[in-house]
Amino acid sequence: MSVVSTLLHGSVAVVTIDNPPVNATSQAVRAGLLAAVADIEADPGIASVVLRCTGRTFVAGADVREFDKPPQPPHLPDVIAAIEAASRPWVAAIHGSALGGGLELAMGCHARIAARDARLGLPEVTLGLIPGAGGTVRLPRLVAADAALAMIAGGKPVTAARALEIGLLDDVADGDLTDAAIALATGLEAPRRTLDRPVRDPSDADAFSAQVKRFKTRAGGQLSIRHAVEAVENTLVTDAAAALAAERQTFLDLKDSEQAAALRHVFFAERATLSDPRCKQTPRPVDRIGVVGGGTMGAGIAAACLLKGLSVTMVERDTEAAETGRARVAETLAGSLARGLLTSDARDAALSRFQAATDYSELAGEDLVIEAVFEDMQVKKQVFARLDEVCAPDAVIATNTSYLDVDELAATLRDPSRAIGLHFFSPAHVMKLLEIVLPERVADDVVATGAALARKLGKIGVLAGVCDGFIGNRIMSAYRREADYLLEDGATPSEVDAAMTGFGFAMGVFAMQDLAGLDIAWAMRKRRAATRDPSERYVAIADRLCQAGRFGRKTGAGWYDYVDGKARSAPTVTEIIASERRRAGITPRPFDPEEIMQRLLAAMQSEGQNVLDEGIARNACDIDVTMINGYGFPRWRGGPMWMRDRG
Ligand code: 3H9
């Protein structure tokens, strides 16, 4: 069967692309489309054309797997040009997603109609690219330049309703999409070519300049965003042919860039984290979730589940704590409502699926229960014991611990095979990463259940073995330790933080500690002091800060002083660092940002290798995905292990 086929409905030719999984414009599709154009042009009986796809989506873009190989003709811009130049009108019928080259194809058609739940976007920047088949030239001719810039430089798709509102779609279909597209095509007399339209200036010139500036700032070191902005600016002042040529050249240059290779690596790595055969087993049900603990983490987990349509019962120790937990959940959902992420009806529906209780017996009917109580082994063991009593025998019992020994916890259950670690990141309803921690005796279908929950929540699940800190926190501890060494060796907190933000982290390690609070890590260090290897280098600067009551932003002072919420370098900290250097007999020396980053990266990579050697992570890709989605490692650099392996 050909990947592109044509059927006649009266005088309307329906051209169908069938290239699973996402109808990417692979070479065979491009060739098939070009042949279809030629056949249709040669048939005088055809009055108009509908372009549609089978399967779950319209064309989701160019075939990313082809980007590592030399381009094969026919090239997508030429295929789109042939469709646009056709003598009969073509209508794109969009279901699922029209992304990247898929949307460019649709914009080369002479009209567009979409199913109500379709999404349209140009996500190329997220792959280190800009659109390469006319997207930056055609979109600003269909929609105002500000809306075009938001889509091209932001990379986020828009809903069908929004696409209709801004002029990207001609219609939205509620019934059968192909029938509606045929009706639309039948009513069109002549092709209206997008490239013949004038560019649509921004609705507000000043706001547009500010938007351009915002994107350039947000780009940081990511080249694709910067180039995307420049391509739109160029389209507004250049004729279409010159703008197309410039866009194509930039696309080809970026396609071969290190950043695009890194982002492609991340794209495929994120989709492969749950490829373990256990994740493909039939999972246990995960519709009804129990959460023990209504603190920040518990409430965040509850909200994450409610936002994805699950039912949640939260249990707290007393009525007051249950009420506080309920209020936290309601507040989180209100925040999502305010940001337009859900409607008020959906919020009300979510709240109707939620109850906060004080009696563990309320958890008897839940499919999976996650404990999110205080990070203390004894407290967590008590919770597990209660859960073992009340939960159904096949319910999965999960812990949200970020460090503790999940094997030890699992062993407290009569059936340890139903225990698993589900390490969410805060805020749990926002952060994409979910470490699925596998104790030794976990049942295969419990692993599948953890994976199924990650998918349901729209999170990237990464399988991790049991150790202190699993994948992410363990690597994080190693580079934090290295950052402390750097301080003692001569760098300042702000130099380390600036090196990290210069590298692409949103925040440096010391500013981050100030945000999270220094006291929890201090308490942990004190607990572990007795078991510390005395021959290992230990930097006590953070302890000295805590002894001085500097717990971070919440106390107005930590690694920095905070005045009106702004961080300033702190003379007290400078003194503490100097005295610790003297105590350790270290003569400080200057560090440049490159050396700082080299040392932090080397620490991450070497701990990453330990994590691999011990089988805590399945592969290096999972480590990269973890550090990017849980710890702010810049995505466009591909992750620490990718950087190491690229040399
Ligand atoms: C572009 O278009 C450049 C043009 O401007 C210029 C050209 C000249 N290629 O995500 P899923 C695979 S750049 C190859 O789990 P979902 C994916 O690896 C492109 N393969 O499904 C996975 O494979 P496997 C711009 C692709 O339902 C399977 O499909 N477009 C591609 O959660 C299912 O993927 C994009 O960036 C691809 N383009 O989400 C869109 N896309 O089964 C990227 C997916 O072996 N794609 N695969 O693991 C997506 O955003 C999502 O896949 C989509 C479906 C929303 C479509």
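Tutor: What follows is a set of questions about the words used for this structure and the values behind them.
This is a predicted model, in which local features need pLDDT of at least 70 and side-chain atom pairs count only at pLDDT 80 or more, while totals for chains, interfaces and linings use all residues. Residues are numbered from 1 along each chain as its sequence is written, and side-chain values use heavy atoms, with hydrogens and water left out.

Student: Why is Asn 23 called buried?

Tutor: Buried means under 20% relative accessible area, whereas exposed means over 50% and partly exposed lies in between (1.4 Å probe, protein chains only). Asn 23 has a relative accessible area of 2%, so the residue counts as buried. Asn 23 is found in the loop between strand S2 (12-17) and helix H1 (27-41), where helices (H or I, at least four residues) and strands (E, at least two) are DSSP runs numbered from the N terminus. Its phi is near 55 degrees, a positive value in a residue other than glycine.

Student: What makes Phe 470 count as buried?

Tutor: Phe 470 is at 0% relative accessibility and therefore counts as buried. Phe 470 is found in the loop between strand S17 (460-465) and H18, and the phi of Phe 470 is near 55 degrees, again a positive value in a residue other than glycine.

Student: How do you know that the buried residues of helix H19 (residues 493-503) are on the same side?

Tutor: The buried residues in H19 are Pro 493, Val 496, Asp 497, Ala 499, Met 500 and Phe 503. They cover an arc of only 155 degrees around the axis, which puts them on the same side of H19; the arc is that of the directions from the helix axis to the C-beta atoms. The elements against which these residues pack include helix H18 (472-489), helix H20 (509-516) and strand S18 (560-563).

Student: Why is one side of S5 and of S8 left without a neighbour in the sheet?

Tutor: Two strands pair if DSSP finds at least two bridges between them. The open sheet of three strands has the order S5-S7-S8, with mixed pairing. Strand S5 (97-99) and strand S8 (158-159) stand at the edges, each with a single partner strand, so one side of each has no neighbour in the sheet.

Definitions and conventions
Contact = heavy atoms within 4.5 Å.
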